[in-house]
Amino acid sequence: MLNINKEANGNVCTFFLEGRLDTTTAPQFESEIKDSLEGVSSLIMDMAKLEYISSAGLRVLLSAQKIMNKQGSMVIKNSSEEINEIFDVTGFSDILTIE
Amino acid sequence: MKELTIDAKVDNLDRVLEFIDAILEENECDMKTQVQIDVCVEEIFVNIANYAYTPGEGEAVIQVEVLDPRALSITFKDKGVPYNPLAKEDPDITLSADERPIGGLGIFMVKKSADDISYEYKDDQNILTYIKKF
């Protein structure tokens with residue numbers, strides 16, 4: 001189960017994620033991102049309420065990062081210790097901007 | 001030992017994780033380790049669901065044991081095509097976002113997180129055993 005709340009403000013787009021970003025929910029988030037990035041130069045992912053991320057979720061983050069490298073920047077905020085550990089193991093800590 | 005036999009379909013992922021989480025909760029596993037174990041179970045089960053029986057269908061058997069000293073042993077069995085996921089080359093995790101291919105991380109995460117992991121093909125079955133201390 002994943003709840004996605006989106007806040008768009010000019011060229012800034014923020015996603016508030018709640019629940020699990022896994023094999024079953026990642027496609028929903030991926031299409032939401034694709035529909036939202038036109039004209040966006042600052043993408044923020046607030047993970048305060050995200051409990052879990054699997055490699056399917058990481059794939060979505062990587063493809064969003066690739067898009068944002070061309071048109072602006074992407075920042076991850078408020079990710080939990082559990083999720084940061086997964087970013088560390090996979091080398092994602094080095095390619096994502098985690099605040 | 002607890003055992004779950006289930007159709008190897010991605011739609012069943014939630015049921016598989018519920019089965020595992022119930023055992024972890026009974027054994028008072030901390031949240032961080034539970035997330036790590038769930039990630040691994042998802043990767044392995046989804047691999048079986050996506051590849052073992054393609055284009056047909058089949059079952060996966062998941063056996064869970066709590067070992068002494070405290071560790072969880074999870075064995076995944078399927079009767080699909082022989083496939084050793086551990087033989088797959090590790091991705092280069094030092095590459096930048098633009099250089100990195102999308103995907104290929106799942107089994108790598110499993111290998112990094114496991115305290116012990118082994119594969120064998122026996123009696124026409126793929127048998128993958130993942131052990132994690134908790």
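## Fold of chain B

In this predicted model, chain B runs through the pattern β-α-α-β-β-α-β-β along its sequence. Along the principal axes, the C-alpha atoms of chain B occupy a box of roughly 45 × 35 × 25 Å.

Of the 134 residues in chain B, 30% are buried. Among contacts in chain B with a separation of 6 or more, 65% link residues 24 or more positions apart.

## The side of chain B that touches chain A

Contact between the two chains involves 24 residues of chain B and 21 residues of chain A. On the chain B side, the elements that give two or more residues are helix 1 (13-26), helix 2 (31-52) and helix 3 (106-113). Helix 2 of chain B gives the most, with eight residues.

## Helix 2 of chain A

Helix 2 of chain A covers residues 55-71, a run of 17 residues. From first C-alpha to last, this helix reaches 25 Å, close to the 24 Å expected at 1.5 Å a residue.

Buried positions in helix 2 of chain A include S55(A), A56(A), G57(A) and L58(A). Further along the helix, V60(A), L61(A), L62(A), A64(A), Q65(A) and M68(A) are also buried.

Technical notes. Residues are numbered from 1 along each chain as its sequence is written. Chains are lettered from A and ligands numbered from 1 in the order in which they are written. This is a predicted model: local features need pLDDT of at least 70, side-chain atom pairs count only at pLDDT 80 or more; totals for chains, interfaces and linings use all residues. Helices (H or I, at least four residues) and strands (E, at least two) are DSSP runs, numbered from the N terminus. The expected span of a helix is 1.5 Å times one less than its number of residues. A residue is buried if 20 or more other C-beta atoms lie within 10 Å of its own, exposed if 12 or fewer, and partly exposed in between; C-beta atoms are placed from the backbone. Two residues are in contact if their C-beta atoms, placed from the backbone, lie within 7 Å.
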